[in-house]
Amino acid sequence: MADPGVQAPLHKNAKATRPRIDNFINSKRFKEVNLLNLLYPATTSADLTHWALPGGNGAWEKWTFSEIIKQQFTPTKVGTNFGPTWATHWFKVVLTLPEAWKGKQIRFRWDSGSEATLWSSDGRVLQGFSSANGDQFRTDYVITPNFDGSEETLTYYVEMASSRILGTTNGDEIDPPPTDKTFTLTRAEAAVFDTTVYKLTRDLEVLHQLSTELASDTIGYMALFTANQMVNHIIAGKEKEASDLADLYFSKSNGARAHNLAAIGNCHIDSAWLWTYSETKRKVARSFSSQLQLMDKYPEFIFVASQAQQWAWCKEFYPELFDRIKERVSQGRFLPVGGTWVEMDGNIPSGESFVRQFLHGQGFFEKELGVRCREFWLPDTFGYSPQIPGIMRHVGLNRFLTQKMSWSFVNKFPHHNFTWEGIDGSKVLAHFPPGDSYSMNCNVKEALHTEANLRDKGRASTSAFLFGYGDGGGGPTEDMIERARRLADADGCPRMQMTTPDALFSALEKEQHNFAVWRGELYLELHNGTYTSQAAMKRLCREAEFALRDAEFLLCMASAGGKGGDLLIRSLVELDAAWKKVMLNQFHDVLPGSGIEMIYPEATKLYHEAIAAADTVWKSSAITVLGDKSTSGRSLWDASIGSFFRSGDASQLLAFNTLQWPRRDVVTVPTSEGDPKDLNYALVAVPAFGFAVMEAAAPTNPVTLSEVNGSYILSNGLVRAVISSLGQLTSLAVGEDVDRDVFMTSDGQQLTGNRILLYDDQPLYWDAWDVMDYHLETETCINDATVSTPVSIKEHTALRCTLSWGCSVGRSSSLLQEISLSADSPYVAFKTSVNWTENRKLLKLGFNTSLKTTFATYDTQFGSLARPTVVNTSWDSARYEVCGHKYADLSESDWGLAVLNDSKYGWSGRDSTLTLTLLKSPKAPDANCDMGEHSFAYAVMPHAGPLFSSDVVQRSYEFNNPLKIMTANNVAPSPASMSWCAVVGAGVVLHTVKPAQDGSGDVILRVYESRGTRSNAQLQLMLPVKGVVECNGMEDPGKVVDFVAKVGGVSFLVKLTAYDIRAFRISF
Ligand SMILES: [Zn+2]
């Protein structure tokens, strides 16, 4: 039925009518005569003075507001340029408001061509400003909705950042930022804001959108006719009639089956990307304060912010703002979301890192805001571990949201709503906003697209609609909320209702029985170069994860049962800070390597600080542990990590093992002469989770090395490898089993491994992010024909034999390698250093094996993942570069080859070939990414039996975690060896032994099942345990676990299903 009273246009010519509406509210065309011309009927220029804050990026952090306003401000004016990039400029703004403006809404308008923060004269952050070439702009601040005429002179301060909301560039968005950019101040004024004109503008805008998007529908015509008649009314001076017509239109609601858009305000703030951590701190203040402004005006408006780190920055740098936000949190309108410390990379962090992201994130929200988030919110990351559902359930969550899978390059993901099942069988409800964005503007096109694009039509009646400027922060604007108001229930357009994530998921849960199940990883078919770019970020992440793990274990042993004085309290503070640095660096543009060059020196420093803190805790704990063993009660032990020598005749060496397997490893020790550079090898035996005074053991399997026809044979009875003069592996077998040679085919064809491969690597656009499929067509093997330094013998002892060789790579890069086999070791290790100078080349390592298999198995967070090596489907084909952690494996049913590594994550398993990606050389957004020296190690381990009957998992831990050698002075510890924990039974990995986060002195044990089957084990603790309860990842106590007391400790049974993650809380 037509709207009675709406006058259709005189002519049946929508082709003219529709542009007429657009022109009437257009900000570029006909501006002098159209409606927009009336929006700011009166203005007055600000009186401006300026002070340039000395220094560039981050310099602002050293200054307080009260110091800044005491500086010498000098006059300046609109039209002036300010810079260079990353500099900070302060402006004192004095506005004089004419009395004639009484009764009007008054605004301050600012455009510095950049981002800026508005401060009150008493130092409160009021709002952010943004100008980014017309996109993502926010240039108005409401001084008063109704000027009472009393306060005629107002003073504000503006803090201008010399960068834009999406960073600063002269060309493409991701080009490295220029250092000399300037920004022009184009507006600084007070203005009267005509609220009637504004309402009519938004009315006409939404009606025009409806008429455009529903052009052939009755509803579209009715919107068009309404808008046309409104224009006629406005021209005739009948604004009220125009306004009433619009209200009448928007009052016609949808039918009962209309799709619901759960409109949730948000501002995706990358914690660093095309800007640094420091700029993000200011982005948080700008974004959050702007949202508080909007909340005052719009009571229905709800805003969510993720990443506890950003809230913590707000609290630290802007405490007054933080307090105002807390009020809105208590009203349920400004909500923390996601529960993690940052929105992390979804591929590379370890399982334990994932758990800590929640433990610290939820911990902050709970302590500061009294809120525990009910969902995992990770809209923007580059792939999703298959263990995320298991980790989520472990930390008490079952709701997941992301949108990045919409970026997949080849295959369209078949669902927006589904039950996601992880490798351990955990199920969570997953939702992808079908609009494929977290930066909606609340327009009709987006609303209709969200419904049209939904892949679960008829199954899901609600979809998330995340609106607000994002990536560089910003968030919703008044225009967005005004449009959302009109579309709240407008016939023909999905209902756009402001809501909370909790309400969204509650609605979806009611329909979950209609959703499909997706099992395993959410592989993003793009951005697979992020497993490799910025190699140091990956190496330091792995190193820090292990250093923290080891420190926490020994701290628990040193402090269990109240021992160690204040060691626990002191160390918890250090570990907390260290974990927060590691977790921050796991942000989804830092660890993946997709940020600008400026980010990485700081990230590197944070990693080094975290590792140093872990070392400090380790040392203090070791001193406490060993001191306890002395009869005198004094601390007699001088401990050090990684340095072997102490003067003093009676010094003795200790070896520490922080893994659950007893170890027999070849280690490097100082000679008796005491020159720290003069090293010998010793084979030492150390019990599980303990230490032993080092005594050289005789090798059961000594190494032999022989040269035959220019090739070198390394053998120790466990593994036999033949290395060609070119550094290639030409034969590899378990023991002397020559029938099962990894590189010999059944028909006698010899294949090779340790092939150094170079590829051309020019992605379509996302340079640091992507490795495209066509790179595989450009393979060159560097060590196929000749090498600059052929293989020679470096050392030849019964405990270790080492070969060395080198080659030039590409235009001017070079690679040096030491290939070692140690006594009693089942793998051959390759210690590699590369000087890397290439441009858009990819360096890989290849193993062309003779193994016949259809899948490869990759280490992943708390488990493993099998992926096909065959290319039957487009889904298989798109997985040409995948993420794996400490090992990857190609196996036939009862033997195979595993490759271990200490810092790499990019793999490819195709047919019988396994490759490990070593280095990438992108030029954007960091023009110098990965240029220079690199060192890393990998190992090859052939094994008899299936992968999970072998000890590949154990060896991958050992390869990443060498025995720690320490020096004890003057007295020998008693007993001479110690084992605090043991895991009796295969498959169960006791990954984590950590102090409870609450400082109670309890110890948390986290175990997981590593073989993909049911595994039982006895956990034995040689500690004075009083109680054991099961707990979750948040360390909330659960059901009591029965344990058996034994001499000096306890043991209890752990029964796990495939890839199960469980935790236990031990009290003393
Ligand atoms: Zn992002």
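## Starting at Leu-572

Is Leu-572 buried or exposed? With a relative accessible area of 18%, Leu-572 is buried (buried means under 20% relative accessible area, exposed over 50% and partly exposed in between, using a 1.4 Å probe and protein chains only). This is a predicted model, so local features need pLDDT of at least 70 and side-chain atom pairs count only at pLDDT 80 or more, while totals for chains, interfaces and linings use all residues. Residues are numbered from 1 along each chain as its sequence is written, and side-chain values use heavy atoms, with hydrogens and water left out.

Leu-572 sits in helix H15, residues 567-585 (helices are DSSP runs of H or I with at least four residues, strands are E runs of at least two, and both are numbered from the N terminus). Setting aside neighbours within four places in sequence, Leu-572 is in contact with Pro-995, Ala-996 and Gly-999 (contact means heavy atoms within 4.5 Å). Cys-781 is 209 residues away from Leu-572 in sequence, and their C-alpha atoms are 49 Å apart.

UniProt, in an unreviewed entry, puts "domain: Glycoside hydrolase family 38 central" at residues 525-607; UniProt positions are given in the numbering used here, feature names are shortened, and annotations may be inferred rather than shown by experiment. That span is 64% helix and 0% strand, with its end C-alpha atoms 29 Å apart.

## The whole chain

The protein has 18 helices and 56 strands. Its C-alpha atoms fill a box of roughly 105 × 70 × 60 Å along the principal axes. Of the 1068 residues, 63% are buried. Among contacts with a separation of 6 or more, 75% come from residues 24 or more positions apart.

In soluble globular proteins, nonpolar side chains tend to be buried together. Here the largest nonpolar core has 274 residues, and Phe-288, Trp-311 and Trp-980 touch the most other members (a core is a set of buried Ala, Val, Leu, Ile, Met, Phe, Trp, Tyr and Cys residues joined through side-chain atoms within 4.5 Å). Helix H14, residues 535-559, gives the most to this core, with 15 residues. Another core lies apart from it, with 27 residues, including Leu-48 and Phe-183.

Not counting residues up to four places away in sequence, Trp-311 touches a set that includes Phe-288, Phe-322, Ile-325, Pro-336 and Leu-369.

Five bridges join E29 (residues 719-723) to E30, and Ile-723 has Leu-729 as its bridge partner. Ser-724 falls in the loop between E29 and E30 and is buried at 12% relative accessible area. Leaving out neighbours within four places, Ser-724 is in contact with Gly-710, Ser-711, Thr-730 and Val-791.

The other sheet to look at is open too, with six strands in the order E32-E31-E37-E44-E43-E40 and antiparallel pairing. Strands E32 (780-781) and E40 (882-883) stand at its edges, each with a single partner strand. Seven bridges pair E37 (residues 841-848) with E44 (residues 913-920) in the antiparallel sense, with Asn-848 partnered to Thr-913.

## Around strand E52

E52 is mostly covered: five of its five residues are buried. In a regular strand the side chains alternate between the two faces of the sheet. Gly-1027, Val-1029 and Cys-1031 point one way from E52, and Val-1028 and Glu-1030 point the other way. E52 runs antiparallel to E56 (residues 1061-1067) over five bridges and to E53 (residues 1037-1040) over two. Val-1029 has Arg-1065 as its bridge partner in E56 and stands opposite Val-1040 in E53.

E52 and E53 form a hairpin with five residues between them, and Glu-1035 in the turn has a positive phi of about 70°. Pro-1024 is in the loop between E51 (1015-1021) and E52 (1027-1031), and counts as exposed at 51% relative accessibility. The C-alpha atom of Pro-1024 is 9.9 Å from that of Ile-1066, 42 residues apart along the chain.

Terms used:
Pairing = 2+ DSSP bridges.
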